[in-house]
Amino acid sequence: MWRRLLRWLSMKNAQNEDEFPWAEYWPEIGDPRVRAAFGKVSREAFVADSLRRYAHQDVPLPIGEGQTISQPFVVALMLQALDLKPGEKVLEIGTGSGYQTAIICELTAVPDGVRGATVYSVERFATLADNAVVRLIRLGYRPHIRVGDGAAGWPEAAPFDAIVVSAAASHVPQPLWEQLAEGGRMILPVGEQFGEQELWLVRKQNSRFRYKRMGGVRFVPLVSPLLDDPSQWAEGR
Ligand code: SAH
């Protein structure tokens, strides 16, 4: 806790001097590909002008509709755990600002390919999705983005090598489990809106559900009627 606070305070001083001010404060993020992707995507481009001066702080920030752009460290932790490879097909639930989408586009980019060609992202709010699309296109990314209930996944594009859920669900939605490729990985915060939430790294191995718990987090809720129906919960399969 103290270590993180000290790191955050020193980070505030570093923010204008370094293109990638978070790197040295994140010893947990050792994957050079993840670090490089963070170096390429400026968070400033994904927040409102009035918040730009806070963009390089390792904290969530409001993006409208009562939602937040995720804390960069948590995005890094999730994407490092997924170990994304160039060319992999990835589904993201909760586009939000599009910041994490851009980093996924970097991590899945193939040389001379279209950045984002294998990235699919679903957002509940049309306003947020529209803003994200404009920003991502301006920066040269071409992910597939649509408005809808991400708990239902994107069946036409399945199976996915990896799925990232950026909003907390009380259970793992069954459609996402079904759309995960054999050998695929899914990371998601599991828990209640104001209660305990923890990150789960789920794997599909021989069609069996395996998961690893990766510590406590705090996300906005995944809002979906699907989660009210126990037949749509995937754990234990
Ligand atoms: N990674 C994003 C975080 C966005 S916050 C970023 O860095 O900006 C989580 C997002 O999930 C919010 O934009 C919220 O509107 C969206 N969300 C919540 N429930 C959803 C659902 N059922 N389907 C799609 N998006 C959802």
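Tutor: What follows is a close look at one helix pair, with its surroundings. The model is a predicted one. The chain holds six helices and nine strands, and of its 237 residues 41% count as buried. Among contacts in the chain with a separation of 6 or more, 59% join residues 24 or more positions apart.

Now to the pair. Two packed helices are described by the angle between their axes and the distance between the axes. For helix 2 (residues 32-40) and helix 4, the axes come within 9 Å and cross at roughly 130 degrees. Angles over 145 degrees would count as roughly antiparallel and 65 to 115 as roughly perpendicular, so helix 2 and helix 4 are oblique to each other. The crossing of helix 2 past helix 4 is right-handed. Helix 2 brings Arg33, Ala37, Phe38 and Lys40 to the contact, while helix 4 brings Ile103, Glu106 and Leu107. By type, the residues of this contact are four nonpolar and three charged, with no polar ones.

Helix 4 also has a part at the ligand. Helix 4 (99-108), strand 2 (67-69) and strand 4 (119-123) each give at least two residues to the shell around the ligand. Strand 2 has the largest share, three residues. In total 25 residues surround the ligand, and the closest are Gly94, Gly96, Ser97, Gln100 and Gly150. The shell consists of 12 nonpolar, 10 polar and three charged residues.

Definitions and conventions:
Residues numbered from 1 in each chain as written. Predicted model: local features only at pLDDT ≥ 70, side-chain atom pairs only at ≥ 80, totals over all residues. Near = placed C-beta within 6 Å. Helix = DSSP H or I, 4+ residues; strand = E, 2+ residues; numbered from the N terminus. Nonpolar A, V, L, I, M, F, W, Y, C, P; charged D, E, K, R; others polar. Axes fitted to C-alpha atoms, helices over the stretch in contact; angles between N-to-C directions. Parallel < 35°, antiparallel > 145°, perpendicular 65-115°, else oblique. Left-handed = near helix turned anticlockwise from the far one by under 90°. Contact = placed C-beta atoms within 7 Å. Buried ≥ 20, exposed ≤ 12 C-beta atoms within 10 Å, placed from the backbone.
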